[in-house]
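Let's walk through this model together, starting with a single side chain and working out to the wider packing.

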Amino acid sequence: MSSTETPTGPSTVERAFRTALYSGADSADASLDTGASLLAADPAADADLARRGEEFVAALWGRGWQPADVVRVVRRELDDTAVRLLAELIRAQAPRDRVRGRRWRDQLAQLDELLADPPPRPDRFTHATAVLELYRLLLRLPALEPLQDHPHASGRAKASGGSGASGGSGGSGARMLSRIRALLAKAEATGYPDEAEALSAKAQELMAKHSVDEALLDAAAPAPDAPGACRIGVEPPYEQAKAVLLDAVASANHCRAVWNEPFCFSTVVGFEADLEVVELLYTSLLVQAQSAMTRAEAAQRAGGRKRTKTFRQSFLAAYAHRVGTRLAEAAGSQVTDDLLPVLASREVAVTAAADRLFPDTVSTRLRGVSDAAGWTEGARAADRAQMRSRPRLPSE
């Protein structure tokens with residue numbers, strides 16, 4: 001009688017994880033190097049390593065995370081290599097995932113840009129190190145409030161002008177917003193005014209090209225029976241002022257926004273058509289703020305003053321405050337007697353949904369608002385900002 005022996009010890013991946021992810025060693029870098037060395041020496045472990053990564057991603061979905069949330073955190077904490085590795089894992093796991101809603105599919109579509117033009121693969125040790133760094137971060141992410149996902153929810157209805165043509169796909173709209181925010185981030189980071197102006201102008205060009213203003217009007221599709229929620233990135237710097245701006249846009253459009261400062265996003269609770277408007281209008285106003293701030297700084301420099309952080313913080317704080325006032329006034333002017341019952345019932349439903357998701361919230365005061373010139377210029381920019389009137393709610 002013959003028998004076949006099988007290995008009973010831990011696999012290469014398990015030994016690498018024990019060393020680099022679970023050991024709690026005093027020197028994180030040393031444990032990472034040891035784990036990467038084990039993986040680099042065993043090419044047969046690659047498939048198991050990728051499978052475990054997909055399991056980590058699936059576990060994050062179970063803890064309330066969504067693809068865009070994780071990409072945002074990894075981009076902030078690690079590097080482009082880690083972001084690409086994450087995108088590959090999400091793509092690989094998606095076919096085995098359950099049916100998701102349109103917003104989830106839009107987020108998967110945004111991964112296409114991250115996976116385009118793959119760079120040359122590094123040596124095995126460097127690759128293994130990047131993978132372990134990514135996995136270590138994924139394992140440490142806490143649970144988030146789970147958002148309601150509607151698998152059969154359709155995209156925003158396109159109002160036809162007689163041609164009967166349908167609007168663009170939700171995925172292309174999500175990619176457009178992603179590209180615009182990336183341009184704004186580059187404009188904020190550069191130290192060259194001409195480059196900042198060019199990047200802001202490009203963002204504005206994209207806004208016009210994809211007809212965002214028209215999309216705001218098209219948001220008058222019938223709302224679902226219950227409020228939903230989405231997460232919108234609120235990226236540093238000056239994230240407090242940006243969170244206030246998003247809150248103002250959300251409130252004016254019958255939504256509630258709750259800011260998660262550590263993970264750089266706000267959760268917006270509301271009906272689907274309102275959520276569409278909030279995301280698009282917030283992005284549009286950020287584009288306008290960036291362009292106006294660049295021009296205001298150029299004028300300041302021409303007068304002999306250097307660019308300062310306090311000027312920008314005060315500019316954006318005033319901009320957010322004044323935009324909020326304008327939006328509230330515009331929203332109030334559209335409320336008629338026939339809309340009051342509809343608005344009241346929606347407000348009750350949205351408030352109840354937000355309170356279920358976030359039973360404990362605190363108010364945050366803006367800090368660093370001390371530059372009078374920045375405040376004045378920000379308020380002026382808000383007065384010039386273009387804000388299309390909120391579409392009327394569909395009649396019941």
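Is Glu-54 buried or exposed? In this predicted model, Glu-54 has a relative accessibility of 15%, so it counts as buried, since the cut-off for that label is under 20%. Its salt-bridge partner is Arg-96, with N and O 1.8 Å apart. Glu-54 sits in helix α3 (residues 46-62) and Arg-96 in the loop between α5 (80-93) and α6 (102-115), so the pair ties together parts that are 42 residues apart in sequence.

In helix α4 (residues 67-77), Arg-72 and Asp-69 are three residues apart, about one helical turn, and their closest N and O atoms are 2.8 Å apart. Arg-72 is buried at 10%, and Asp-69 is buried at 3%. Helix α5 holds Arg-84 and Glu-88, four residues apart, in a salt bridge of 3.5 Å. Here Arg-84 is buried at 15%, while Glu-88 is partly exposed at 37%. Elsewhere, shared partners join Arg-102, Arg-103, Asp-106, Glu-272, Glu-276 and Glu-279 into one network.

Now turn to the nonpolar side chains. The largest nonpolar core has 46 residues, and Leu-245, Val-268 and Phe-315 are among those touching the most other members. Elements giving two or more residues to this core include β1 (228-233), α12 (272-302) and α13 (309-333), with α12 providing the largest share, 12 residues. Apart from this core lies another, of 41 residues, among them Val-70 and Phe-263.

Conventions. Residues are numbered from 1 along each chain as its sequence is written. This is a predicted model: local features need pLDDT of at least 70, side-chain atom pairs count only at pLDDT 80 or more; totals for chains, interfaces and linings use all residues. Side-chain values use heavy atoms; hydrogens and water are left out. A nonpolar core is a set of buried Ala, Val, Leu, Ile, Met, Phe, Trp, Tyr and Cys residues joined through side-chain atoms within 4.5 Å. Buried means under 20% relative accessible area, exposed over 50%, partly exposed in between (1.4 Å probe, protein chains only). A salt bridge is a side-chain nitrogen of Lys or Arg within 4 Å of a carboxyl oxygen of Asp or Glu.
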